[in-house]
Amino acid sequence: MSSRKSFMKKITPYLFISPWIIGFLVFTAGPLILSFVMSFFDWPITTAPVFRGLGNYIEMFTEDAQFGKSLLISLKYAVIFVPLNMVIALFLAMLISQPIKGVKIYRTIFYIPAVISGVAISILWGWILNGDYGVLNYLLSLIGIEGPNWLVDPAWALLAVIIASAFGVGTMMLIFYTDIKNIPADVYEAAALDGASPGRQFFSITLPIITPTILFNLITSLIGAFQQLTLVMLLTGGGPLKSTYFYGMYTYNNAFKHHRLGYASANAWVMFVIILILTALVFKSSSAWVFYEAEVKTEKKKRRKAK
């Protein structure tokens, strides 16, 4: 009897987490393993798969010109979108952390776009960016500027997608806001007594303390940038002239438009490796610019011992 009780005591925690484990195996680990296996096959939807070995990868790097073009477009998008997204989110977080009247209302307003579906955002920005009757071009006309055809001009389409993407910074803003509000007020008071201006306080106190959060938001934003699909599919459809034919759309079309599931799986795994490398580089560089409180405490103890 005691052995049965002991067994039940050991297995109970696993029973509680079993829904998550089952969900992870069925919806995450299983599809990952299957997609990796599929990447070595010519796997049409309607006929039996045929083993190709590294054929899909060789074709991608040597024969498919669209692979490099789509990858370059996604890289351009990430280079512009990620810093812009983080700057806007941090700026809004600083605004809603100020002790002003009605700040809770502003916080809600700034966060609302983050909970709107990608379809709704694409419809909204399709109207705003319309070259004929769009709100943005109307506002530009009020100051004497003739706005471009944002969504049909290859020179402006990518920028239009970036502007629309930056609309949903609410989640990142709240993450920054939470970290900023956790900074002790007496730190700012001491800096103010020493004559530090608000700008000096931001760059010398706020920014160094929230660098772990900046690192987190940088990585998640980078991953999200390379996975962008919904907005570009609904706003531009990859056009005009494939100027916004992102890598995510390239992979999606290979799978569900051209019915090459094996080739699309190879596309996805190449993107996974690229994101993994970029994330590793960001982590590697973080030792030079990320501030950790524990490290500072250790450094202070060393200085005290030295004295």
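Are Y77 and F81 buried or exposed? Both Y77 and F81 are buried, where buried means under 20% relative accessible area, exposed over 50%, and partly exposed in between (1.4 Å probe, protein chains only). The model is predicted: local features need pLDDT of at least 70, side-chain atom pairs count only at pLDDT 80 or more, and totals for chains, interfaces and linings use all residues. Residues are numbered from 1 along each chain as its sequence is written, and side-chain values use heavy atoms, with hydrogens and water left out.

**Figure 1. Overall fold of the predicted protein.** The secondary structure comes to 15 helices and 2 strands; helices (H or I, at least four residues) and strands (E, at least two) are DSSP runs, numbered from the N terminus. The radius of gyration is 25 Å, well over the 19 Å that the globule rule gives for 307 residues, so the protein is more spread out than a compact globule. This radius is taken over C-alpha atoms, and the globule rule is 2.2 Å times the number of residues to the power 0.38. Along the principal axes, the C-alpha atoms fill a box of roughly 85 × 75 × 40 Å. Of the 307 residues, 37% count as buried.

**Figure 2. Annotated segments.** The unreviewed UniProt entry assigns "domain: ABC transmembrane type-1" to residues 71-282. UniProt positions are given in the numbering used here, feature names are shortened, and annotations may be inferred rather than shown by experiment. In the model, residues 71-282 are 73% helix and 0% strand, with the end C-alpha atoms 19 Å apart. The UniProt feature "transmembrane region" (unreviewed entry) is placed at several segments, including 20-41 and 108-128. Residues 20-41 are 86% helix and 5% strand, and their end C-alpha atoms are 31 Å apart. For residues 108-128 the values are 90% helix, 0% strand and 22 Å between the end C-alpha atoms.

**Figure 3. The largest nonpolar core.** A nonpolar core is a set of buried Ala, Val, Leu, Ile, Met, Phe, Trp, Tyr and Cys residues joined through side-chain atoms within 4.5 Å. The largest one has 52 residues, and M60, Y77, V82, F176 and Y247 have the most contacts inside it. Among the helices that each supply at least two of its residues are helix 2 (55-62), helix 3 (65-96) and helix 14 (261-286). Helix 3 gives the largest share, 13 residues. Beyond its neighbours within four places in sequence, Y77 is in contact (heavy atoms within 4.5 Å) with V82, L158, V161, I162, S165, A225, Q228 and F246. Another core, of 11 residues, lies apart from the largest one and includes L140, W150, A164 and L231.

**Figure 4. Aromatic pairs.** Rings of Phe, Tyr and Trp (its six-membered ring) pair if their centres lie within 6.5 Å; planes under 30 degrees apart count as stacked, over 60 as edge-to-face and the rest as tilted. By this rule the count comes to 16 aromatic pairs. The rings of F67 and Y247 have centres 5.9 Å apart and planes at 70°, so this pair is edge-to-face. F67 lies in helix 3 and Y247 in helix 13, so the pair ties together parts that are 180 residues apart in sequence. Both F67 and Y247 are buried. Y77 and F81 form a stacked pair, with 5.1 Å between the centres and 10° between the planes. These two residues are 4 apart in helix 3, a separation of about one helical turn. One aromatic cluster is formed by F36, F40, Y57, W269 and F272.

**Figure 5. N267 in helix 14.** N267 is buried, with a relative accessible area of 0%. Leaving aside neighbours within four places in sequence, N267 is in contact with M60, Y247, Y250, T251 and N254.

Figure 6. A cis peptide bond joins G239 and P240, with omega about -5°. P240 is found in the loop between helix 12 (230-235) and helix 13. K242 is partly exposed, at 45% relative accessible area. H259 is partly exposed, at 42%.
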